[in-house]
There are 2 protein chains.
Amino acid sequence: MAVIYDRVALIGLGLIASSMCHAIRRAGLAREIVGYARSAETRATAREIALCDRVTETAAEAVAEADLVVLCVPVGAMEAIAAEIGPHLKPGATLSDVGSVKRAVIDAVAPFVPAGVHFIPAHPLAGTEHSGPRAGFAELFDNRFCILVPVAGSDPAAVARLADLWRGIGSNVDEMDADHHDLVLAVTSHTPHLIAYTMVGVADELRRVTDSEVIKYSAAGFRDFTRIAASDPTMWRDVFLHNKDATLDILGRFTEELFALQRAIRLGDGDHLHAYFTRTRSIRRSIIEAGQDTDEPNFGRSKAKKT
Amino acid sequence: MAVIYDRVALIGLGLIASSMCHAIRRAGLAREIVGYARSAETRATAREIALCDRVTETAAEAVAEADLVVLCVPVGAMEAIAAEIGPHLKPGATLSDVGSVKRAVIDAVAPFVPAGVHFIPAHPLAGTEHSGPRAGFAELFDNRFCILVPVAGSDPAAVARLADLWRGIGSNVDEMDADHHDLVLAVTSHTPHLIAYTMVGVADELRRVTDSEVIKYSAAGFRDFTRIAASDPTMWRDVFLHNKDATLDILGRFTEELFALQRAIRLGDGDHLHAYFTRTRSIRRSIIEAGQDTDEPNFGRSKAKKT
Ligand SMILES: NC(=O)c1ccc[n+]([C@@H]2O[C@H](COP(=O)([O-])OP(=O)(O)OC[C@H]3O[C@@H](n4cnc5c(N)ncnc54)[C@H](OP(=O)(O)O)[C@@H]3O)[C@@H](O)[C@H]2O)c1
Ligand SMILES: NC(=O)c1ccc[n+]([C@@H]2O[C@H](COP(=O)([O-])OP(=O)(O)OC[C@H]3O[C@@H](n4cnc5c(N)ncnc54)[C@H](OP(=O)(O)O)[C@@H]3O)[C@@H](O)[C@H]2O)c1
């Protein structure tokens, strides 16, 4: 594939940045990738594994002369980084990010974007529970969605160019308004994560069931919650603090539904339960049909025969 | 491996029974497997795919002369089946089941067990979201746990023999008291399932986010809930109706914790969130170390490089 940006600068070198690095290289989409991370330790690791072509000692250095700058730090850290790099951005460059929340990132970053720089927020819907510069792999974004959230007055050519990069990385690209993005993600990601964290926390605190029992017998369902409850605490703290309204809104709905089911159990209302469980089944089918999961038993964990 | 039971009768021919069939054959643990299912349709399918050696038209016929009878029907259907087959059980035979709840099954079945028959309830902790006679596969129980719940006065030799069968099928065998089983499962399976059903139900009912958006962007977390929320509605209705107290108890704890996190979000208490998310992370690590899951990104869904 052809080079899309001569020089790409990644600020923050964790799971997402390191995966972008591998994926951009796999497709030959940049002539040079420059990286910067806050800690000397992460910078040293990045150099040791030759993650980028160059790792700089300051963020300002990394973004100087870059045609694309991508902020790959937790949502709560975006503002300070933007303030630091703003004055050093090259005219005509594109500034993007990968934060899991969009309205708060726009509010935090936009004030520091100089005229002549294209600010195009983005969010790749892909991740694992691992973090840091060693966690990345080129295939992370393959067949996943990346949502671009252009702000008012975004240059269509700059948006199209960034979309080309994400497609080159393997993703399907969609565009969305920031508030709608935050609501969709509250439903599909943020609230499910909070609930998974809660369920795991409950199990952890129960003293009548020993820890080792919870762990031994986790394959009966609990296990599926623990993966998403193992994601980076800082990232998720920032997500909930910065997508507060939408998350609280969906949580309210969740609690309402849960109470209705709880009541059905208490009253022995089997019909209500059966009808509810029947309805949710069809959603699963649609997800498999949409190619967003496999139909293999056990998520393909064991090499089980396909049914 | 050597034959453990000359004739095994499976009552109900769904996911669990058909998997037992394949697994017992794989290891050569029975000389003959006889099966019975309620509907003519399931019996016809079982014959068509030659699931068992013989499919009978009545449950009584299936259990006559059987050395091991296993009830593989939903928990709420156990009592009627037990009443029907009780008089036809062979002296010295073992009667077992695979129900996901144990106290209620014991209360329902025990009254119909004639003297001289060994009643040994069991619960294999393995499943997929698929059901019916075509859903089974021999590897389902490999490296999973099967919990035996011997009742007062169970014959140790009969218990050891059933344990041998489950080990021969690939499982690790544990013993537990019925009430403790129901509590452990309420934590590791029943409550997580109810919560997953609720989350999927919420997404389904939201009209501000379209269905297609929920499905398209499900890989961000929601997807992991849909698999367990796609399990058989009848099976799960029966589980909740019959493990009511333990489930309501754990649900109460869950709601309490959820409210505390919700409050932390509302108040912007990042420290509380961060500490909570850090604690839950370690549980995940223990599950991987216990061999109850893999550490692969995306559950090994994509052929991603191992990190
Ligand atoms: N993981 C996912 O599933 C996922 C998916 C989509 C989007 N995202 C978003 O992607 C972004 C990065 O996530 P990630 O998973 O790549 O995280 P990660 O692996 O934990 O890496 C985070 C990076 O940000 C740096 N950082 C952390 N706090 C900082 C601060 N206060 N100031 C400056 N730098 C800081 C870290 O530097 P040090 O290494 O030096 O500490 C590290 O290089 C987040 O905004 C997240 O919301 C994540
Ligand atoms: N699936 C799991 O994840 C899992 C895991 C561990 C234990 N279990 C337990 O295993 C048992 C069977 O589950 P499964 O997953 O194998 O279910 P399944 O695939 O849905 O099969 C259920 C079988 O029970 C029969 N049945 C249903 N209702 C009946 C009734 N009222 N009277 C007589 N027969 C009836 C069905 O007959 P027809 O086909 O003729 O309708 C079918 O053969 C349940 O007690 C469940 O709690 C399930």
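Let's start with ligand 2. In this predicted model, 25 residues surround ligand 2. The closest are B:Arg38, B:Ser39, B:Thr42, B:Val73 and B:Ser100.

What is the make-up of that shell by class? There are 13 nonpolar, 10 polar and 2 charged residues. Two elements of chain B, helix H1 (15-27) and strand S7 (122-124), each supply at least two residues of the shell.

Now the polar contacts. B:Arg38 places a polar side-chain atom 2.7 Å from an oxygen atom of ligand 2. B:Leu15 uses its backbone instead: an N or O atom there lies 2.8 Å from a ligand 2 oxygen. B:Gly132 also comes in through a backbone N or O atom, at 2.9 Å from an oxygen atom of ligand 2.

How much of ligand 2 does the protein bury? Taken alone, ligand 2 exposes 900 Å². The protein buries 84% of that.

On to chain A. Its domain assignment gives domain 1, residues 5-176, and domain 2, residues 180-268. Their C-alpha centres lie 29 Å apart.

Next, the interface between these domains. In chain A, 18 residues of domain 1 are in contact with 16 residues of domain 2. About 1,200 Å² is buried between the two domains of chain A. Carbon and sulfur atoms give 68% of that area.

Which residues of domain 1 of chain A lose the most area to domain 2? They are A:Val101, A:Glu129 and A:Met176. Together they account for 39% of what the domain 1 side buries.

How values were computed:
Residues numbered from 1 in each chain as written. Chains lettered and ligands numbered in written order. Predicted model: local features only at pLDDT ≥ 70, side-chain atom pairs only at ≥ 80, totals over all residues. Heavy atoms only, no water. Near = heavy atom within 4 Å. Polar contact = N/O pair within 3.5 Å; in protein donor to acceptor, adjacent residues only side chain to side chain. Areas by Shrake-Rupley, 256 points an atom, 1.4 Å probe, with all protein chains shown as cover. Helix = DSSP H or I, 4+ residues; strand = E, 2+ residues; numbered from the N terminus. Nonpolar A, V, L, I, M, F, W, Y, C, P; charged D, E, K, R; others polar. Domains from an automatic or database assignment. Contact = heavy atoms within 4.5 Å. Buried area = accessible area lost by both parts, 1.4 Å probe.
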